[in-house]
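Work through the exercises below with the model open beside you. Try each task before you read its solution.

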Amino acid sequence: MERICIYPGSFDPITVGHMDLIRRASLLFDKVIVAVLHNPAKAGCFPVADRLALIRKACAHLSNVEVDSFSGLLADYVEKTGAIAVIRGLRNENDFANESLMAQVNQRINPHVETLMMMTKPEHACISSSVVREVASFGGDIAPFVPEEILADIQALFHKR
Ligand code: PNS
């Protein structure tokens, strides 16, 4: 049986912190599906299609990583894909509070959904998609926060906005 994990999120845009988690999860599972939530009620900064393209390019070197989008409940998506786990990153106690709640809700919705928390590397603890958006919006350098191979693409998307 193929052991699949889902890494769900907004990825608006993907950061080096996300990438580190994807790389580490790809060593633990047969397949990692990076799943971008498509939420029609919340447009986000970048269109989902652009986010998917950025993730695909950044993950091109990881042969067991797939990129997809989903809408609706994560618990239903997990069931549909046959995944055995959801992975989420923890940077600090705020993440712990939010993530433990989400994991418990998902398990209540579907008892098969097992959520595994992975600790973020300390050097990535201050990084988030919202930090990238904030720094970019004031013309700052986002190079330390996003994967090198998609830096120019993200900068171009910000300029297009
Ligand atoms: O990157 P984010 O924004 O922290 O990711 C949050 C995400 C997409 C994982 C979460 O909002 C989610 O799974 N949404 C789908 C709807 C759902 O299943 N909600 C119930 C769990 S509280």
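A residue counts as buried when its relative accessible area is under 20%, and as exposed when that area is over 50%. The model is a predicted one.

**Exercise 1. Classify Y7 and F11 by burial, then describe how their rings are arranged.**

Step 1. Take Y7. Its relative accessibility is 5%, so Y7 counts as buried.
Step 2. Take F11. Its relative accessible area is 2%, so F11 is buried too.
Step 3. Turn to the rings. A pair of aromatic rings is described by the distance of the centres and the angle of the planes.
Step 4. Planes over 60 degrees apart count as edge-to-face. The rings of Y7 and F11 lie 5.2 Å centre to centre, with 85° between the planes. The pair is edge-to-face.

**Exercise 2. Determine how β1 is covered on its two faces.**

Step 1. Count burial along the strand. Six of the six residues of β1 are buried.
Step 2. Recall the geometry. In a regular strand the side chains alternate between the two faces of the sheet.
Step 3. Sort the residues. I4, I6 and P8 are on one side; C5, Y7 and G9 are on the other. All are buried, and both faces are covered.
Step 4. Find the partners. Six bridges join β1 to β2 in parallel, with V34 of β2 as the bridge partner of Y7. β1 also pairs in the parallel sense with β4, over two bridges; there, I6 has V86 as its bridge partner.
Step 5. β1, α1 and β2 make a right-handed β-α-β unit.

**Exercise 3. Write down the strand order of the sheet and find its edges.**

Step 1. The order is β3-β2-β1-β4-β5, an open sheet of five strands with parallel pairing.
Step 2. β3 and β5 (115–119) each have a single partner strand, so they stand at the edges and one side of each has no neighbour in the sheet.
Step 3. Neighbouring strands are turned by 30° against each other on average, direction ignored.
Step 4. Five bridges join β4 to β5, and I87 stands opposite L116 in β5.

**Exercise 4. Which residues of α3 are buried, and why do they share a side?**

Step 1. In α3 (residues 74–81), the buried residues are L74, A75, Y77 and V78.
Step 2. They cover an arc of only 160° around the axis, so they lie on the same side of α3.
Step 3. These buried residues pack against β1, β2, β3, β4 and α4.
Step 4. After α3 comes G82, with a positive phi near 75°.

Technical notes
Residues are numbered from 1 along each chain as its sequence is written. This is a predicted model: local features need pLDDT of at least 70, side-chain atom pairs count only at pLDDT 80 or more; totals for chains, interfaces and linings use all residues. Side-chain values use heavy atoms; hydrogens and water are left out. Buried means under 20% relative accessible area, exposed over 50%, partly exposed in between (1.4 Å probe, protein chains only). Helices (H or I, at least four residues) and strands (E, at least two) are DSSP runs, numbered from the N terminus. The arc is that of the directions from the helix axis to the C-beta atoms. Contact means heavy atoms within 4.5 Å. Two strands pair if DSSP finds at least two bridges between them. Axes are lines fitted to C-alpha atoms, for helices over the stretch in contact, and angles run from 0 to 180 degrees between N-to-C directions. Rings of Phe, Tyr and Trp (its six-membered ring) pair if their centres lie within 6.5 Å; planes under 30 degrees apart count as stacked, over 60 as edge-to-face and the rest as tilted. A crossover is right-handed if, with the strands pointing away from the viewer, the path from the first strand over the helix to the second runs clockwise.
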